[in-house]
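Reader: I'd like to go through the charged side-chain pairs in this one. Can you put it up?

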Amino acid sequence: MGGGGSTRRVTFEADENENITVVKGVRLSDSVIDRMKEPSSPSGRQHRSSSAVNDEELKKRIAEELALERARRDSEAQKRRLKQEQAYVRDEFGKILDRERISSNEHLTRAILRERAATEEERQKAQRFAKQLEEKDRELKKHDAYYKEQLARLEERYR
């Protein structure tokens, strides 16, 4: 991510007031410069008198600060991308769920309509059978009456 060993070199210069100017187009805030000027441990290190040693230490601190800043920016960018991706995934899941819900509702509606049609067909069939049964019953009653009448005639004849 950039926090590891960076190979980018940063060149800088210090003017007569010990203000730091970064040459390769990298800007440093005043707070970063102030932190780089501070000793790295609070144990009260002595300031070295050699400007070459100070320059080397300052270069090291600038590189560390730049690496930390780059890592922080990369981390923030990655967090933003992650949030965007999560929102995208959430939206896609919502769309999929909506499609599934609609699809299942359509299947359910079709099944209900088929069931209603089958129920209506069964009801009509039952009505037809009931009419046929009533008709057969009337026919049987007619036959019964006819045969009773015939039986009564025969009994009268042979008495």
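Author: Here it is; note that the model is predicted. A place to start is E149, which is partly exposed at a relative accessible area of 42%.

Reader: What does E149 form a salt bridge with?

Author: Its partner is R153, with the closest N and O atoms 2.8 Å apart. R153 is partly exposed too, with a relative accessible area of 49%.

Reader: How far apart are R153 and E149 in helix α2?

Author: They are 4 residues apart, so about one helical turn separates them.

Reader: Which residues do salt bridges with shared partners join into one network?

Author: E69, R72, R73 and E76. Within that group, the side chains of R73 and E69 meet at 3.8 Å, N to O.

Reader: Where do R73 and E69 sit?

Author: In helix α2, which covers residues 51–157; the two are 4 residues apart there, about one helical turn.

Reader: Switching topic. What does K148 pair with?

Author: D144, in a salt bridge whose closest N and O atoms are 3.7 Å apart. D144 and K148 are 4 residues apart in helix α2, so they too are separated by about one helical turn.

Reader: And how do D144 and K148 count on accessibility?

Author: D144 is partly exposed at 40%. K148 has 54% relative accessibility, so it counts as exposed, the cut-off for exposed being over 50%.

Reader: How many salt bridges does the structure hold?

Author: The count is 10.

Methods:
Residues numbered from 1 in each chain as written. Predicted model: local features only at pLDDT ≥ 70, side-chain atom pairs only at ≥ 80, totals over all residues. Heavy atoms only, no water. Salt bridge = Lys/Arg side-chain N within 4 Å of Asp/Glu carboxyl O. Buried < 20%, exposed > 50% of the residue type's maximum accessible area, 1.4 Å probe, protein only.
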